Amino acid sequence: MLVAIIIHAIIQEYVLDKINRRMHFSKTKHSKFNESGQLSAFYLFSCVWGTFILVSENYISDPTILWRAYPHNLMTFQMKFFYISQLAYWFHAFPELYFQKTKKEDIPRQLVYIGLYLFHIAGAYLLNLNHLGLVLLVLHYFVEFLFHISRLFYFSDEKYQQGFSLWAVLFVLGRLLTLILSVLTVGFGLARAENQKLDFSAGNFNVLAVRVAVLGSICITQAFMMWKFINFQLRRWREHSTSQAPTVKKKPTVTKGRSSRKGTENGVNGTVTSNGADSPRNRKEKSS
């Protein structure tokens, strides 16, 4: 946690603050830019590190390793260090809320997604589902990295929208892949395993109640994320439609007082009436 706080401060002071001083962001954009800058760096590092572990331990060539030989209570050093680093980073996010002077209205949102990360990472670590957790984390981090890097480009140039379109497609595909891998591993792979008994000493949690709880938590989280995603897309669509809507110009209206005054001087609608011949000036000319 202390190392994460120090790295966080280094990125903030030597990278993000310098960019903020050049771009002159508003307070709202300033906080969002700092959030996306910190998270994009973390997601990129974690995604590269997790992919290296997946390739080095042959997860991609043999998907059955996700549930084969469960419980996975023996981990390599890099796998264990990866999980400890993930937990340390998300625990360090709590004091960072104070250091970054987060607004009160943004704190509940921050606490929700920090809590979700800690709940799922710690759950995969304690239930010895570290193989499945690693694959799902890499998949999720890649999609989130694309979103935050797109938001950074958007803050520098508001015409940049291509990254969000690509992120929207990959976000939906990421949710589908998460559900497919979870059901395949927990619902089919572990359900057909021979050793299905609760054994705390051996680290075996392959029982029906635990499998249902794991699948239920994953499905509820994915549904919550899709609900937030749909609301986000609808809000962007409304903002885009209102900005593209043509502005209707009002026709200039003539005041009644001015038109009536003109009518008394020049007749009705500007034409000279017969009363115009009997004006005081014309009567004076006749008398002369």
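Asn-58, which comes after helix 2, has a positive phi, near 60 degrees. Helices here are DSSP runs of H or I with at least four residues, numbered from the N terminus. Helix 2 spans residues 27-56, 30 residues, and reaches 44 Å from first to last C-alpha. That is close to the 44 Å expected at 1.5 Å a residue, where the expected span is 1.5 Å times one less than the number of residues.

The model is predicted, with local features needing pLDDT of at least 70 and side-chain atom pairs pLDDT 80 or more, while totals for chains, interfaces and linings use all residues. Residues are numbered from 1 along each chain as its sequence is written, and side-chain values use heavy atoms, without hydrogens and water.

The unreviewed UniProt entry annotates "transmembrane region" over several stretches, including residues 81-99 and 111-128; such annotations may be inferred rather than shown by experiment. Two of them are described below.

Helix 4 (residues 107-126) packs against helix 7 (residues 208-244) at about 155 degrees, with axes 12 Å apart. Axes are lines fitted to C-alpha atoms over the stretch in contact, and angles run from 0 to 180 degrees between N-to-C directions. Helix 4 and helix 7 are therefore roughly antiparallel (an angle over 145 degrees). In their contact (heavy atoms within 4.5 Å), Val-112, Leu-116, Phe-119 and His-120 of helix 4 meet Ser-217, Thr-221 and Phe-224 of helix 7. By class, this contact has four nonpolar, three polar and no charged residues.

Conventions: Helix = DSSP H or I, 4+ residues; strand = E, 2+ residues; numbered from the N terminus. Parallel < 35°, antiparallel > 145°, perpendicular 65-115°, else oblique. Nonpolar A, V, L, I, M, F, W, Y, C, P; charged D, E, K, R; others polar.
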